[in-house]
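Let's work through a few exercises together. Try each task yourself before you read its solution.

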Amino acid sequence: MLTATPTVMCGSRLVAKRSVRMQPDPTDGSRSDRSAAASASTAESRDRALIERIARLDRAALKELYLLYHRRLARFLTRVTSRYDLAEEIINDTFWVVWQRAGEFRGASHVSTWIMGIAYRRGLKALKRASFMQLRANDIPDTESAGHEPWSGAERREWVNAALERLPSEQRLVLELAYHLGHSCEEIALIMSCPVNTVKTRMFHARKKLRLLLPQLAGTAADLHE
């Protein structure tokens, strides 16, 4: 929208000064959504092409897929177990299964959902074999650093992590898959082999428990600073 402003002197003439008032572009949000959707579509096409190559026993494609997914899987599996060596073992098992079963992938879900489902099931089996089902209940954040304020952003993240580790594994992993890895409830149901309503129930109870745990951890941290 153009708006007239008071005139200013330019030589011997009065010249009206005009300014442009910028209006927000209502299409910015939709453009961003389209861009995100296009990016996701490109990633899915790339992953499917890699799976097709792996099905033809292309080891270079398996390596590329491994590098693309290692960080995501490591983050997820360290929520299943705090043992990094076991998490790496599960990742290796997951890609061994991908190597063996790539030809069976029919595209009924996203490649990422398929891989996360394999990792989840291999993780449960590995935990059962290792008899490692306990959470680190005493993992309280260290808040005694000199000059460290009790309500800093870093401490909040530590409290959230400590609180997550006190949740039952199914509830913790639902939150991890939803909020950190961006999966929908339908995708999580496929990954965890359970009904969508079960996913939503676990998410509800997990949030409820977090609301109770976080103030307790914050109070503990505040006590340490007194």
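## Exercise 1: Helix α3 and its ends

Work out what span the 18 residues of helix α3 (residues 84-101) should have. Start with the rule: the expected span of a helix is 1.5 Å times one less than its number of residues. At 1.5 Å a residue that comes to 26 Å, and the end C-alpha atoms of α3 are 26 Å apart, which agrees.

Before going on, some ground rules. This is a predicted model, where local features need pLDDT of at least 70 and side-chain atom pairs count only at pLDDT 80 or more, while totals for chains, interfaces and linings use all residues. Residues are numbered from 1 along each chain as its sequence is written, and side-chain values use heavy atoms, with hydrogens and water left out.

## Exercise 2: The whole chain

Find out how many helices and strands the chain has. Here helices (H or I, at least four residues) and strands (E, at least two) are DSSP runs, numbered from the N terminus.

- Step 1: count them, and you get eight helices and four strands.
- Step 2: read along the sequence, and the pattern is β-β-β-β-α-α-α-α-α-α-α-α.
- Step 3: look at burial, where buried means under 20% relative accessible area, exposed over 50% and partly exposed in between (1.4 Å probe, protein chains only). Buried residues make up 35% of the 226 residues in the chain.
- Step 4: look at contacts, meaning heavy atoms within 4.5 Å. Of the chain's contacts with a separation of 6 or more, 60% are between residues 24 or more positions apart.

## Exercise 3: How α2 meets α3

Describe how α2 and α3 cross. Two packed helices are described by the angle between their axes and the distance between the axes. Axes are lines fitted to C-alpha atoms, for helices over the stretch in contact, and angles run from 0 to 180 degrees between N-to-C directions.

- Step 1: the two axes come within 10 Å and cross at roughly 140°.
- Step 2: that makes α2 oblique to α3. The cut-offs are under 35 degrees for roughly parallel, over 145 for roughly antiparallel, 65 to 115 for roughly perpendicular, and oblique for the rest.
- Step 3: α2 passes α3 in a right-handed crossing. A crossing is left-handed if the near helix is turned anticlockwise from the far one by less than a right angle, and right-handed if clockwise.
- Step 4: residues of α2 including Tyr66, His70, Leu73, Ala74 and Leu77 meet residues of α3, among them Ile91.

Now pick out Ile91, which lies in helix α3. Is Ile91 buried or exposed? At 0% relative accessibility, Ile91 counts as buried. Other buried residues of α3 include Leu86, Ala87, Ile90 and Trp99. Leaving out residues up to four places away in sequence, Ile91 touches Tyr66, His70, Leu73, Ala74 and Leu77. Ala74 is 17 residues from Ile91 along the chain, and their C-alpha atoms are separated by 7.4 Å.

## Exercise 4: Two partners for α6

Compare the partners of α6, starting with α2.

- Step 1: the axes of helix α2 (residues 59-80) and helix α6 (residues 169-180) come within 9 Å and cross at roughly 160°. That makes α2 roughly antiparallel to α6.
- Step 2: on the α2 side the contact uses Arg75, Phe76, Arg79 and Val80, and on the α6 side Arg172, Leu173, Glu176, Leu177 and His180.
- Step 3: zoom in on Glu176 in helix α6. Glu176 is buried, with a relative accessible area of 1%. Beyond its neighbours within four places in sequence, Glu176 is in contact with Arg75, Phe76, Arg79 and Leu181.
- Step 4: turn to helix α7 (residues 185-192), whose axis comes within 10 Å of that of α6, crossing at roughly 130°. α6 and α7 are therefore oblique to each other.
- Step 5: Glu170, Leu173, Val174, Leu177 and Ala178 of α6 make this contact with Ile188, Ile191 and Met192 of α7.

## Exercise 5: α7 and the cysteines

Explain why α7 is largely enclosed by the rest of the structure. Six of its eight residues are buried, so α7 is largely enclosed. The buried ones are Cys185, Glu187, Ile188, Ala189, Ile191 and Met192. After α7 comes Ser193, with a positive phi near 55°.

How many disulfides does the structure hold? Zero, counting a disulfide as a pair of cysteine sulfur atoms within 2.5 Å. The sulfur of Cys185 is 9.8 Å from the closest cysteine sulfur, in Cys194, too far for a bond. Cys194 counts as buried, at 15% relative accessibility.
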